[in-house]
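Hi there,

Here is the structure I promised to send over. Have a look at it first, and then read on for my notes.

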Amino acid sequence: MNSTASPYRIITVCTGNICRSPMAEFMLVEALAAAGLSERTVVDSAGTTSYEVGRPIDPRAARVLDAHGIHSHAHIAQKFRPEWFDERDLILALDVDHYGHLREIAPAGTEHKVRMMREFDPAVAHLDHLDQGIEDPWFGGQSDFELTWELIDAAVPGVVEHVRAELSQRPPAFAEA
């Protein structure tokens, strides 16, 4: 008989799911793997709108990820689905409008799962959510995507530590033959 604890599920959320949230998704997957947590975690991403559903990651975002050795070309944009409030342990909003929208539509008892990505960056964790957002790089140039990388990257270690702490509260996975 095989039995495993359910994985800790994270979803990153932006507007269209082609720039910020897939960058955060792939960066977290890499960081969680480096921390030895990939077997106990699942990360995906979505948008708050259906504007980009079915499209690949923005080439500028993919270029930044590629420059850091992270390949994201299999990404297909999707819209956040309400049932994910129950299915995800941590819902990371990339900007304050996503945070507000997700908190507004969250079923009672799940609002606490919605957090700002940059709440986990110690340099800005003390700031109001209005000051923790990551602006949409889609409207800018390549340097805006590089700034997006930097802002997400500063928060990733805090997210990893949060996940590690959350997993320490769960029973360990085990397998019996």
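Below is what turned up, starting with the sheet and moving on to the helices.

Please keep in mind that this is a predicted model.

The sheet is an open one, built from 4 strands in the order β3-β2-β4-β5, with parallel pairing. At its edges stand β3 (41-47) and β5 (114-116); each has a single partner strand, so one side of each is left without a neighbour in the sheet. From one strand to the next, the twist averages 25°. Ile11, for instance, has Ile91 in β4 as its bridge partner.

Helix α1 (residues 20-34) lies across β2, β3 and β4 and runs at about 175° to β3.

Then there is helix α2 (residues 59-67). What caps its N-terminal end? That is Asp58, with a side-chain oxygen 2.8 Å from the backbone nitrogen of Arg60. Arg60 is itself one of the buried residues of α2, along with Ala61, Ala62, Val64 and Leu65. These buried residues pack against α1 and α5 (142-168). After α2 comes Gly69, which has a positive phi, near 75°.

Technical notes: Residues numbered from 1 in each chain as written. Predicted model: local features only at pLDDT ≥ 70, side-chain atom pairs only at ≥ 80, totals over all residues. Heavy atoms only, no water. Pairing = 2+ DSSP bridges. Helix = DSSP H or I, 4+ residues; strand = E, 2+ residues; numbered from the N terminus. Axes fitted to C-alpha atoms, helices over the stretch in contact; angles between N-to-C directions. Contact = heavy atoms within 4.5 Å. Buried < 20%, exposed > 50% of the residue type's maximum accessible area, 1.4 Å probe, protein only. Polar contact = N/O pair within 3.5 Å; in protein donor to acceptor, adjacent residues only side chain to side chain.
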